[in-house]
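Hello,

Here is the structure I promised to pass on. Please open it first, then read the notes below.

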Amino acid sequence: MSKASFFEGAKKSVPIMVGYMPLGLAFGVIAREKGLTVMQTALMSLTSFTGSGQFIAVGLLSAGVGIPAILLTNFLVNLRYLLFSASMAPAVRKMPSIVQAVLAFGITDETFAVNMAEFDRREADRDFILGVNIFSHLSWTVNSALGAAVGNLIPNIDRFGVNFALPAMFIALLIWQVKDRNTLWVAVISGLVSTVLTLFTRNSANIIAATVVAATIGVILCRNRQKSTY
């Protein structure tokens, strides 16, 4: 294992770790309010690592919804990770299957963005990806447990701007990805598609549809650019 690559990945994960702090605390507070213990909250973050899915699961559990319905809802909410995995697959195809499985477990919107940006600069590095994923996951788990432990001491946590922490982190990650006119167009179009669909849907279908549309347009733009260079 390359310690240099691992800690380089850890360094790149710092913005994600900072972004996960208020979100993890908020999730811990909510989970405790809904009846979960500190240990249960920590275990959910450790074994699941899907912020939106965990918030939904806690809400459904408190409402008395059955486990099958919660699993199905989480599957639909997190369906976008199939697209993320498919995008990363070509970069890690030379790695053993067990390594790919471990790396896939650490995919979130944020770690995906950081790792894909790194793939543009060099060949995929297992240790770098592990550094990004492990430290991001550690931040989420620790802050979830901390939020559950001290939740009673933080009344009305929304007043601290927690609700904007996730959008702010996504905006920062988006800025890293916009490198030329084509990526800017893809970002704008995907945002517009997602916003319009949000007006008509109440689930994650808008995210999946926007991703597919934007990815298709991105491929077309890249092909046109390649043809114009010949």
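**Helix 2 against helix 4**

Helix 2 packs against helix 4 (residues 51–62) with the axes 10 Å apart and an angle of about 10 degrees between them. Angles under 35 degrees count as roughly parallel, so helix 2 is roughly parallel to helix 4. The two helices meet through side-by-side lists of residues. Helix 2 brings Leu23, Ala26, Phe27, Ile30 and Ala31. Helix 4 brings Gln54, Phe55 and Val58. An α-helix has 3.6 residues a turn, so residues three or four places apart point the same way.

Please keep in mind that this is a predicted model.

**The whole protein**

The protein has 230 residues, and 37% of them are buried. It holds twelve helices and zero strands. Along the sequence the pattern is therefore α-α-α-α-α-α-α-α-α-α-α-α. Take the contacts with a separation of 6 or more: 78% of them join residues 24 or more positions apart.

**More on helix 2**

Helix 2 covers residues 14–33, which is 20 residues. At 1.5 Å a residue it should span 28 Å. Its end C-alpha atoms are 29 Å apart, which agrees. There is a kink, though. It is about 35 degrees and lies at methionine 21, shortly before proline 22.

Which residues of helix 2 are buried? They are Ile16, Gly19, Tyr20, Leu23, Gly24, Ala26, Phe27, Gly28, Val29 and Ala31. Leu23, Ala26, Phe27 and Ala31 are also among the residues that meet helix 4.

Is glycine 35 buried or exposed? Its relative accessibility is 53%, so glycine 35 counts as exposed; the cut-off for exposed is over 50%. Serine 62 is 27 residues away from glycine 35 along the chain, yet their C-alpha atoms are separated by 7.4 Å.

Phenylalanine 49 is in the loop between helix 3 and helix 4. Its phi is near 55 degrees, a positive value in a residue other than glycine. Most residues other than glycine have a negative phi. Phenylalanine 49 has 3% relative accessibility, so it counts as buried.

Glycine 53 lies in helix 4. Its relative accessibility is 0%, so glycine 53 counts as buried. Setting aside neighbours within four places in sequence, glycine 53 is in contact with Asn74 and Asn78. Glycine 53 and leucine 76 are 23 residues apart in sequence, and their C-alpha atoms are 9.4 Å apart in space.

Now the view from the other side. Asparagine 74 belongs to helix 5 (residues 67–77). It is buried, with a relative accessible area of 14%; buried means under 20%. What does asparagine 74 contact, leaving aside its neighbours within four places in sequence? The partners are Thr50, Gly53, Gln54 and Ala57.

**Helix 6**

Helix 6 (residues 80–92) has 13 residues. From its first C-alpha to its last it reaches 19 Å, close to the 18 Å expected at 1.5 Å a residue. Its buried residues are Arg80, Tyr81, Phe84, Met88 and Val92.

Aspartate 127 lies in helix 9 (residues 126–150). Its relative accessibility is 5%, so aspartate 127 counts as buried. The side chain of aspartate 127 makes a polar contact of 2.9 Å with the side chain of arginine 126. Beyond its neighbours within four places in sequence, aspartate 127 is in contact with Met1, Ser2, Ser5 and Phe6.

**Helix 11**

Serine 194 lies in helix 11 (residues 181–198). At 17% relative accessibility, serine 194 counts as buried. Alanine 210 is 16 residues from serine 194 along the chain, and the two C-alpha atoms are separated by 5.2 Å.

Over to you.

Best wishes

Terms used:
Residues numbered from 1 in each chain as written. Predicted model: local features only at pLDDT ≥ 70, side-chain atom pairs only at ≥ 80, totals over all residues. Heavy atoms only, no water. Helix = DSSP H or I, 4+ residues; strand = E, 2+ residues; numbered from the N terminus. Expected span 1.5 Å × (residues − 1). Bend = angle between axes of the 7 residues up to and from the residue. Buried < 20%, exposed > 50% of the residue type's maximum accessible area, 1.4 Å probe, protein only. Polar contact = N/O pair within 3.5 Å; in protein donor to acceptor, adjacent residues only side chain to side chain. Contact = heavy atoms within 4.5 Å. Axes fitted to C-alpha atoms, helices over the stretch in contact; angles between N-to-C directions. Parallel < 35°, antiparallel > 145°, perpendicular 65-115°, else oblique.
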